[in-house]
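Dear colleague,

Here is the structure I promised to pass on. My notes follow below it, and I would be glad if you read them beside the coordinates.

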Amino acid sequence: MSDNEKYEDWLDEIVKRHEKEGGFDNLPGIGKPLSKEHLKDDLLTTVIKRSGYKPDWLSKQKKIFDKLEHIVSQIKSEEHSSIISKLINEVNYEIKQYNLSCPFAMQKNYVTRENIEHQLVFWK
């Protein structure tokens with residue numbers, strides 16, 4: 001197959017032929033929006049939810065949130081700066097691991113002593 005040729009599988013061909021022959025013209029509900037029931041979940045999502053599966057990155061998110069809360073409480077109690085810096089470095093490493101495992105849209109920024117309270121809101 002050359003670069004200019006477009007790959008089409010046999011199922012695409014069948015659907016296109018059926019459409020040309022008018023096979024989709026008299027379907028019930030044609031032109032009407034799908035019901036909420038049809039849009040709710042696909043089969044895979046339903047099975048995953050019912051099985052109680054939770055992606056690893058969700059567990060990491062909860063652990064990081066708890067650690068961020070702990071660090072904020074340490075900052076408010078004016079603990080030693082070296083301990084807080086160490087905790088921030090550790091949690092930033094965990095954020096890096098989290099970002100590598102979660103969907104792109106769920107990735108979070110690293111924290112600093114100055115922005116940690118603001119970032120905490122995004123981890124809830």
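The buried residues of helix 5 (81-101) are Ile-84, Ile-88, Val-91, Asn-92, Ile-95, Tyr-98 and Asn-99, where buried means under 20% relative accessible area, exposed over 50% and partly exposed in between, with a 1.4 Å probe and protein chains only. Seen down the axis of helix 5, these residues fall within an arc of 115°, so they line one face of the helix; the arc is that of the directions from the helix axis to the C-beta atoms. An α-helix has 3.6 residues a turn, so residues three or four places apart point the same way. The face turned away from the buried side of helix 5 carries the exposed residues Ser-82, Lys-86, Asn-89, Tyr-93 and Leu-100.

Please keep in mind that this is a predicted model, in which local features need pLDDT of at least 70 and side-chain atom pairs count only at pLDDT 80 or more, while totals for chains, interfaces and linings use all residues. Residues are numbered from 1 along each chain as its sequence is written, and side-chain values use heavy atoms, with hydrogens and water left out. Helices are DSSP runs (H or I, at least four residues), numbered from the N terminus.

The buried residues of helix 5 pack against helix 4 and helix 6 (116-123), contact meaning heavy atoms within 4.5 Å. Helix 4 (56-76) has its own buried residues, among them Trp-57, Phe-65, Leu-68 and Ile-75, and the buried residues of helix 4 pack against helix 5 and helix 6.

Between helix 4 and helix 5 lies a loop that holds Ser-77, which is partly exposed, with a relative accessible area of 45%.

Lys-108, in the loop between helix 5 and helix 6, is the residue I would ask you to look at. Lys-108 is buried yet has no salt bridge, the nearest side chain of opposite charge, Asp-66, being 14 Å away; a salt bridge is a side-chain nitrogen of Lys or Arg within 4 Å of a carboxyl oxygen of Asp or Glu. A polar atom of the Lys-108 side chain does lie 3.3 Å from the backbone oxygen of Phe-122. Leaving aside neighbours within four places in sequence, Lys-108 is in contact with Ile-95, Tyr-98, Asn-99, Phe-122 and Trp-123.

Methods
Helix = DSSP H or I, 4+ residues; strand = E, 2+ residues; numbered from the N terminus. Lys, Arg positive; Asp, Glu negative; His and termini not counted. Polar contact = N/O pair within 3.5 Å; in protein donor to acceptor, adjacent residues only side chain to side chain.
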